[in-house]
Every structure is written in structure tokens, then in C-alpha cells.
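Thank you all for coming. I would like to walk you through one protein, going from the whole chain to a single pair of residues, so please keep the picture in view while I talk.

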Amino acid sequence: MADLPDLYLIADMAPDLVAALEQRFTVHRSDPPATTRAICGGGSSVVDAALIERLPALEIIAINGVGYDGVDLNAAKARGVRVTNTPDVLTDDVADLAIGLWLAVERRIAVNDAAMRDGGWAVPLARRASGRKIGIFGLGRIGHAIAKRAAPFGGEILYTARSEKPVAWRFLPDITALAAACDVLILAAPGSAGTQGIVDAAVLAALGNEGVLVNVARGSLVDQAAVVAALEKRTIAGAGLDVFADEPAVPDALKTMPQVVLSPHQGSATVETRAAMAALVLANLDAHLGGSPLPSAVI
Ligand code: 8YV
């Protein structure tokens, strides 16, 4: 039997996906040979110019995730290397979690649960979620899905994005204006040079001491030290965080704050969605090997 093409696997994947990859490829988890034609990674995987250069036979980078902020697209493009991701199939899950984190912060769900497990019952009053003005940074598929889920809570929906969209929600020109105009700032934009550290002390001050920050995008979007300081000083009221600057590391200060709800990058982490993501990864790789159009190509 002819040798299977070589694939470099650079992130942990579900056993079913690994087994399916091993049916199609000779899978390498380290020291990929020069004959490597494919790389498979996760949404936070780094595929930089040096790695691409090291693999002269590389044809495709298949990301198991919607984000590909760790992939050097220019280097890939220069080599004619295709890049694919897994959009759409995870949109609902990430949007659901954004709403869940917001409600968990506002209604003290996690901290009350912990208090009861410690034998408690009497807890402080929470804050009403309904009617709060929801600001969404990034109105792509996930941002749009969050807006649709938030609208029935009765508060105004506002957003900012690279451009105004043909939607009924109010557009603000930048994230500082959005933070000043909303009560809850939800981050749903991709990680990139343009969004790096965009949520800084000034944006947090604009959000204000009744404001809540929710991040289901990337840790790189926020100045994490500024977020910790703003929470400690009550510059903002609370935060629901699914992503962090240096995962899986999480600042200890956040772990003791009752006004913070923490989640270990679980946006797309459901059985159904991970199965759909895996199927899309395989569909992209199979299409590439078969010479047919790629189902979800970035480039
Ligand atoms: C995944 C993600 O957790 O889609 C993304 O960009 O970050 C998450 O869905 C990650 O890709 C793991 O593979």
C-alpha cells in the first residue's frame, strides 16, 4: 500500500478525529518530515513563517476552530498554502456561552452556587439583566448570534465593527464609544494585530462601575492586567471570561473575585459542535487530497 501523505498534528484533538486523520495520513506529533503536506491545529495554534518555511511540501493548514489568529496568512499565501477553519458550526454554542456568562455574572449564579455548597443560603441581591444595554464588539456570525439572543432581554443592542452593517442595532464608531454607551460589553471579534489589547484601561473606565465585560473571543483582545485592576478597584462591576492572555494560565486575582465568572475556553466545547468541527476539518482535508473545492477555506 502506497505510503499515506504526511500530516503534522500540532494540537490536542478528540480521539475520533485523530483516528480519522490516521486513516488518511501518516500523523506526526513532532519533527515533521520535509515531505509533510498538511498541518492540523486548533484555534489557538501557532503556525508561523518559520514553520511554513521548514516544510517545503506543505499544501494545507487545517484549523479545528473558527479562529486562525496564530497562522501567518501572509507566509502561507506567499507559498500558495491553503488555510481552512471551521466557521458556522460553532456559532450557536459560542453565542450561548456569551449569554450564559453574562447572566451568571449579573445574577451571581456561580458565586451563589458556591455559597450554598459551603452551607450558605442568605446571599446579597444580584442585578437585573433584563433591560441592560448590550454592546457587541464584532458583528460577524458569532456577534450577530449574540445580538439575536440578547434582544429578547429587552435592552437596546449596540455594536461596533470594522464597518456599519445593514442591521437595526445602533452602530458606534469605536469600542470606547460603545463601552460608554452600553452596560454590558461582549467581545466577539477575531484575534488580530488590529484587536490586540483593544480593551484597555480607558475602555474599561468608559464601561463604568455598573458595567460588565464578557469575553468569548480571544484573550489577546484585552489588556488583562487592566481588566484585573478595573475589577479590583470596582472600575467595572464584573466580568465573564472564557478566554485568557496565556491559556491555560489564569491570574490568581481573578480566581477569588465573586464578581467574576471563569470558563476554561469552552465556547465551542459541546459534543455536537466538536463533532461538526471535526467533520469539517476532515471534509477540508479530503477535498484538498481529492482536488475538489474546499468547504471552508480562509485562503
Ligand atoms: C476551540 C476556538 O476551542 O474556534 C476557535 O477559534 O478557539 C475554539 O473553538 C479551539 O479551536 C480548539 O480547537
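Among contacts between residues at least 6 apart in sequence, what percentage join residues at least 24 apart? For this protein, which we are looking at as a predicted model, the answer is 57% of those contacts.

Let us turn to the overall form. The secondary structure comes to eleven helices and twelve strands. The radius of gyration is 21 Å, close to the 19 Å that the globule rule gives for 299 residues, so the protein is as compact as a globular protein of that length. If you follow the C-alpha trace along its principal axes, the spans are about 70 × 45 × 30 Å.

Next, the inside and the surface. Of the 299 residues, 48% are buried, while the protein exposes about 14000 Å², of which carbon and sulfur atoms supply 54%. As for charge, there are 25 positive and 32 negative side chains, and the centres of these two sets lie 6 Å apart.

Finally, look at strand S11, residues 238–241, which runs parallel to S12 and is joined to S12 by three bridges. Here alanine 239 stands opposite valine 260 in S12.

Note on methods
Residues numbered from 1 in each chain as written. Predicted model: local features only at pLDDT ≥ 70, side-chain atom pairs only at ≥ 80, totals over all residues. Heavy atoms only, no water. Helix = DSSP H or I, 4+ residues; strand = E, 2+ residues; numbered from the N terminus. Rg over C-alpha atoms; globule rule 2.2 N^0.38 Å. Buried < 20%, exposed > 50% of the residue type's maximum accessible area, 1.4 Å probe, protein only. Contact = heavy atoms within 4.5 Å. Areas by Shrake-Rupley, 256 points an atom, 1.4 Å probe, with all protein chains shown as cover. Lys, Arg positive; Asp, Glu negative; His and termini not counted. Charge placed at Lys NZ, Arg CZ, Asp CG, Glu CD. Pairing = 2+ DSSP bridges.
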